[in-house]
Amino acid sequence: MAYRDTGIELSPEQKEAVEYIGPALVVAGAGSGKTRTLTAKIAYLIDHGYSPESLLAITFTNKAAGEMKSRLVDLTGLSIDQFPWVRTYHSACFMILKQHCHVLGYQTPLQIYSEYQQQKIVKEILVKFNIDKKYLYPIRSHLSSAKNSGDHASYFSAQRRMAYVNLPEIYNLYEKELFSKNAVDFDNILLMARNLLRDHPEIQKQYQSLFSYILVDEYQDSNNLQEELTRLLIGNGNIFCVGDDWQAIYGFRGSNVDHFIQFEKNYDGAKIFRLEQNYRSSEEIVHTANELIRFNKNRVDKECYSEKNGGLIEVHDFYSDDEEAGWVARKIEWLNNDGIRYEDMAVLYRTKFCSLSFEKAFRSFGIPYKMLGSKGFFERKEILDITCYLTAAVFEKDDVSCERILNIPKRGIGPGTIKKINQMRSGEMGLLDAVRKALEDKVLPDKVYRARLFVKNHLLIEDIPDKPEINNIQSELDQFKESRKKHINKIKSIQTEQAEKKKKLQEELDQKLKSIMKNNK
């Protein structure tokens, strides 16, 4: 059914959740229209007299907040400036903190320290206590977790002690240094905002009066401190939370799914709405997910379903990453030969360092691919650097590779020096030849000549292309290309043969079926 005059479609379950006023938790299965429901809820509230400036809508990321604002502008026709409180927890709390930081002894403007600045402070503290710098990252992780727990003293008491490390003392020194610099780190934003609201009732009352409704997206991923902040800001009990405990994956960051599961106990008069229809995935996938999640005893019950049909789900075991990647590559080739385009296929893996085996397999099979969400193995800086060294040695006209490695490792060749080198070029002279000429004419800064020995020995030797090692590499590359070509042709031949056998078998089965049906008559 269409909602309002905007044309947005809502299911009966979504509509019921949107129109309910009071504390509500929408248990939204994957692909069930969670964002649509949340957006429609805000539009519904505005349509029924709630000021958009009084709605605090918390999203999990800044990107999600931006998308939410854009949808609301399209849906309501209001200006984006009329949604000042569609933000992440950190963004909303920093807004509050900027207004009242003087109460906590800070001055305006308040500075947020970067990752680099935070590390520098902790490193200085470690040096003071003669603690090995190898403990930097675990210590910083503990500092962050302590703040997000909302009670750093209890957190440190519950943790196993680190050898030769007094975490509470490091925490106190770190906070003292931040305060002396009139700065906060990312975690401090939430912690200081909590302290403001908890310890200063007049400030808490100001924001409770301001916010007529609080809406929280991805509620299953909220941590203890975020939950405490939410409760401190609620003035009239109007809270609308959306999420799915089945998708709670940030426990390692301190999120606490118990807030989601115990919502009815935590908020008086709370009502639970379930969005169970998956509009995204096929029934086979949804059914498998349902069966898998049943092993989780601590969950909110729901029975997700889909009206879409799909193929069978197969499970395969492999002895190694390379074997798995090879099987996937052959499967992709078979599907492509069967008429499915490469761009209509996707490979999902758990972590980015799993990409190497797949990238190697796809390159071996000549399968075009595009990495999404992170850099591919061959696009990483160190791999690009090594590759550029090799290609610059073999292909003297590869100016791109040459320019990349001229100052790797650093040898005093910056943009100004490269500009001078390029000015030495004439005709079709490559960058590598221009470097040689610039060195011979001694037109470069002195610091470059101090590094000349390294450059000469490792990059600018005249007979590099004639070295047997380089020729061997080129020969092996040629052999590899030829072998790969034969391998791909062999696989395609096998696939064609299998397809023909499958077709012949299907024809035989059809004939037998017709014969059986004829005899039965």
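This is a predicted model: local features need pLDDT of at least 70, side-chain atom pairs count only at pLDDT 80 or more; totals for chains, interfaces and linings use all residues.
The chain has 521 residues, and 40% of them are buried. You'll be looking at 23 helices and 10 strands. Of the contacts between residues at least 6 apart in sequence, 70% join residues at least 24 apart.

**Aromatic pairs**

- Searching the whole structure turns up 16 aromatic pairs.
- A pair of rings is described by how far apart the centres are and by the angle of the planes.
- One of the pairs is F60 with Y250, a tilted one with 5.4 Å from centre to centre and 40 degrees between the planes.
- F60 sits in the loop between strand 4 (55-59) and helix 3 (62-76), while Y250 sits in the loop between strand 9 (239-243) and helix 12 (258-261), so this pair ties together parts 190 residues apart in sequence.
- F60 has a relative accessibility of 35%, so it counts as partly exposed.
- Y250 is partly exposed too, with a relative accessible area of 21%.
- Now back to Y219 and F263: their ring centres are 5.9 Å apart and their planes are at 90 degrees, so this pair is edge-to-face.
- Y219 belongs to the loop between strand 8 (213-216) and helix 11 (224-233), and F263 to helix 13 (residues 263-266), which makes this a link between distant parts of the chain, 44 residues apart.
- Ring pairs also join Y219 and F263 with F260 and Y267 in a cluster.

**Helix 15 against helix 16**

- Two packed helices are described by the angle and the distance between their axes.
- Helix 15 covers residues 321-337 and helix 16 covers residues 355-365; their axes come within 8 Å and cross at roughly 45 degrees.
- The crossing of helix 15 with helix 16 is right-handed.
- On the helix 15 side, the contact is made by D321, D322, E324, A325, G326, V328, A329, R330, I332 and E333.
- Helix 16 brings S357, F358, K360, A361, F362 and F365 to that contact.
- Sorted by class, the residues where helix 15 meets helix 16 are eight nonpolar, two polar and six charged.

**A closer look at A325**

- A325 is part of helix 15.
- Is A325 buried or exposed? With a relative accessible area of 0%, A325 is buried.
- Leaving aside residues up to four places away in sequence, A325 touches S357, F358 and A361.
- From A325 to A361 is 36 residues in sequence, and 6.0 Å in space from C-alpha to C-alpha.

**Helix 2 against helix 3**

- Helix 2 (residues 34-47) packs with helix 3 at an angle of about 50 degrees, and the axes are 10 Å apart.
- That makes helix 2 and helix 3 oblique to each other.
- Helix 2 passes helix 3 in a crossing that is right-handed.
- From helix 2, the contact takes in T35, R36, L38, T39, A40, I42, A43 and I46.
- From helix 3, the contact takes in M68, R71, L72, L75 and T76.
- The contact of helix 2 with helix 3 splits into eight nonpolar, three polar and two charged residues.

- Q118 is in helix 5 (residues 115-128).
- Q118 has a relative accessible area of 8%, so it is buried.
- Which residues does Q118 touch, not counting residues up to four places away in sequence? They are Y113, R140, Y174, D185 and F186.
- Q118 and D185 are 67 residues apart in sequence, with 7.3 Å between their C-alpha atoms.
- D301 is in the loop between helix 14 (283-293) and helix 15.
- D301 is partly exposed, at a relative accessible area of 48%.
- R274 and D301 are 27 residues apart along the chain, and their C-alpha atoms are separated by 9.2 Å.

Technical notes. Residues are numbered from 1 along each chain as its sequence is written. Side-chain values use heavy atoms; hydrogens and water are left out. Axes are lines fitted to C-alpha atoms, for helices over the stretch in contact, and angles run from 0 to 180 degrees between N-to-C directions. Helices (H or I, at least four residues) and strands (E, at least two) are DSSP runs, numbered from the N terminus. A crossing is left-handed if the near helix is turned anticlockwise from the far one by less than a right angle, and right-handed if clockwise. Contact means heavy atoms within 4.5 Å. Ala, Val, Leu, Ile, Met, Phe, Trp, Tyr, Cys and Pro count as nonpolar, Asp, Glu, Lys and Arg as charged, and the others, Gly among them, as polar. Rings of Phe, Tyr and Trp (its six-membered ring) pair if their centres lie within 6.5 Å; planes under 30 degrees apart count as stacked, over 60 as edge-to-face and the rest as tilted. Buried means under 20% relative accessible area, exposed over 50%, partly exposed in between (1.4 Å probe, protein chains only). Angles under 35 degrees count as roughly parallel, over 145 as roughly antiparallel, 65 to 115 as roughly perpendicular and the rest as oblique.
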